[in-house]
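Colleague: Please pick one part of this model and take a close look at it. Then show me how that part sits in the rest of the chain.

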Amino acid sequence: MVILGKGERLKFETDRENYSKEVQEKYDEAQTYHDGKWIMFEPDDFY
């Protein structure tokens, strides 16, 4: 779980092209709450 507050969201949105498509999609799909976006990443591999 990653929580991005207002300032962190602005930094991400300014620099989003430097993140993978998967991260961009997760960000876009995450619901925005009063205290920021809560983004859940599922592990692909536990090793």
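Modeller: Glu 42 lies in the segment after β3. A word on names: strands (E, at least two residues) and helices (H or I, at least four) are DSSP runs, numbered from the N terminus. This is a predicted model, where local features need pLDDT of at least 70, side-chain atom pairs count only at pLDDT 80 or more, and totals for chains, interfaces and linings use all residues. Residues are numbered from 1 along each chain as its sequence is written, and side-chain values use heavy atoms, with hydrogens and water left out.

Is Glu 42 buried or exposed? Its relative accessible area is 59%, so Glu 42 is exposed. The cut-offs are simple: buried is under 20%, exposed is over 50%, and partly exposed is in between, with a 1.4 Å probe and protein chains only. Across the chain, buried residues make up 19% of the 47 residues. Now take Val 23. Glu 42 is 19 residues from Val 23 in sequence, and their C-alpha atoms are 12 Å apart in space.

Step back to β3, which spans residues 36-39. Three strands form an open sheet, in the order β1-β3-β2, with antiparallel pairing. Two strands count as paired if DSSP finds at least two bridges between them. β1 (2-4) and β2 (32-33) are the edge strands, each pairing on one side only.

Look at the β1 side. Three bridges link β1 and β3 in the antiparallel sense. Ile 3 stands opposite Trp 38 in β3. Leu 4 has Lys 37 of β3 as its bridge partner.

Now the β2 side. Here two bridges join β2 to β3, again antiparallel. Thr 32 faces Lys 37 in β3. β2 and β3 form a hairpin, with two residues between them.

Helix α1 (residues 6-15) lies across β1, β2 and β3 and runs at about 95 degrees to β1. Axes are lines fitted to C-alpha atoms, for helices over the stretch in contact, and angles run from 0 to 180 degrees between N-to-C directions. Contact means heavy atoms within 4.5 Å.

Last, the whole chain. There are two helices and three strands. Along the sequence, they follow the pattern β-α-α-β-β. The C-alpha atoms fill a box of roughly 35 × 25 × 15 Å along the principal axes.
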